[in-house]
Amino acid sequence: ITGISVAVQSTRYVIFRYRGCSAIYYPSYWYIVCVSIWTPVCALIGLIFAILTMTTFFLKRRDIKDILRCTNSGLNLRRFARLIIFSLLIIFAMVPLALYNFITSVNQLRHTNATWTIERDPHWSDILAIDAGTSQLAPIIIDICLSFCTFVLFGLGLSLIHISEPTRHSLI
């Protein structure tokens, strides 16, 4: 994908304040085909797996403890609860954001009279530094928050979620 994206870049890269290095693409429909389409495709694949996980959980929620023990997957109820929370993050955060960004980029191309041609900037190797202000901080903050949530769920290894297991009474 990176190799294909270089073909539709108008300049090598630009350094934005508060955002860092970023590629600048020529406003053409090739940008949608080569670069922008992959985010919603990956998000929809994640959505399918998240929905399958949630569906399986709700259909077999009474037997989930026995299933986890018998499959030798190494999951317990707490780890499986993290997987459920991560699936909910994919369904309610990642997919809508990916679709919103894709639709926004398509609409911006329609307003700029995009074509199917690709033109290179004659100053391809010049590196520009641009101060775009804080207008581009929202997507970065959202990505940081989602990364933090993923790290808290899976990276710490802590038991942040408490699921009470049913008590067993022995007959004596």
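**Exercise 1. Find which residues make the nonpolar surface patch of about 680 Å².**

Step 1. Know the model. It is predicted: local features need pLDDT of at least 70, side-chain atom pairs count only at pLDDT 80 or more, and totals for chains, interfaces and linings use all residues. Residues are numbered from 1 along each chain as its sequence is written, and side-chain values use heavy atoms, with hydrogens and water left out.

Step 2. Apply the patch rule. Members have over 30% relative accessible area and no salt bridge; nonpolar side chains (Val, Leu, Ile, Met, Phe, Trp, Tyr) are joined within 5 Å, like charges within 9 Å. Areas come from the Shrake-Rupley method with a 1.4 Å probe, and for residues only the protein chains shown count as cover.

Step 3. List the members: Ile1, Trp38, Val41, Ile45, Ile48, Phe49 and Leu52.

Step 4. Check one. Tryptophan 38 lies in helix α3, residues 38–59. Helices (H or I, at least four residues) and strands (E, at least two) are DSSP runs, numbered from the N terminus. Tryptophan 38 is partly exposed at 35% relative accessible area (buried is under 20%, exposed over 50%, partly exposed in between; 1.4 Å probe, protein chains only).

**Exercise 2. Find the partner of aspartate 131 in a salt bridge.**

Step 1. Side chains of opposite charge can pair when their charged atoms come close.

Step 2. Use the cut-off: a side-chain nitrogen of Lys or Arg within 4 Å of a carboxyl oxygen of Asp or Glu. The count comes to 1 salt bridge.

Step 3. Name the partner. It is arginine 17, with the closest N and O atoms 3.2 Å apart. Aspartate 131 sits in the loop between β3 (128–130) and α6 (137–155), and arginine 17 in the loop between β1 (14–16) and β2 (20–22), so the pair ties together parts 114 residues apart in sequence.

Step 4. Aspartate 131 is partly exposed at 49% relative accessibility. Arginine 17 is partly exposed too, at 45%.

**Exercise 3. Describe the backbone and surroundings of tyrosine 18.**

Step 1. Locate tyrosine 18: the loop between β1 and β2.

Step 2. Read its phi. The value is near 70°, positive in a residue other than glycine. Most residues other than glycine have a negative phi.

Step 3. Tyrosine 18 is partly exposed, at 45% relative accessibility.
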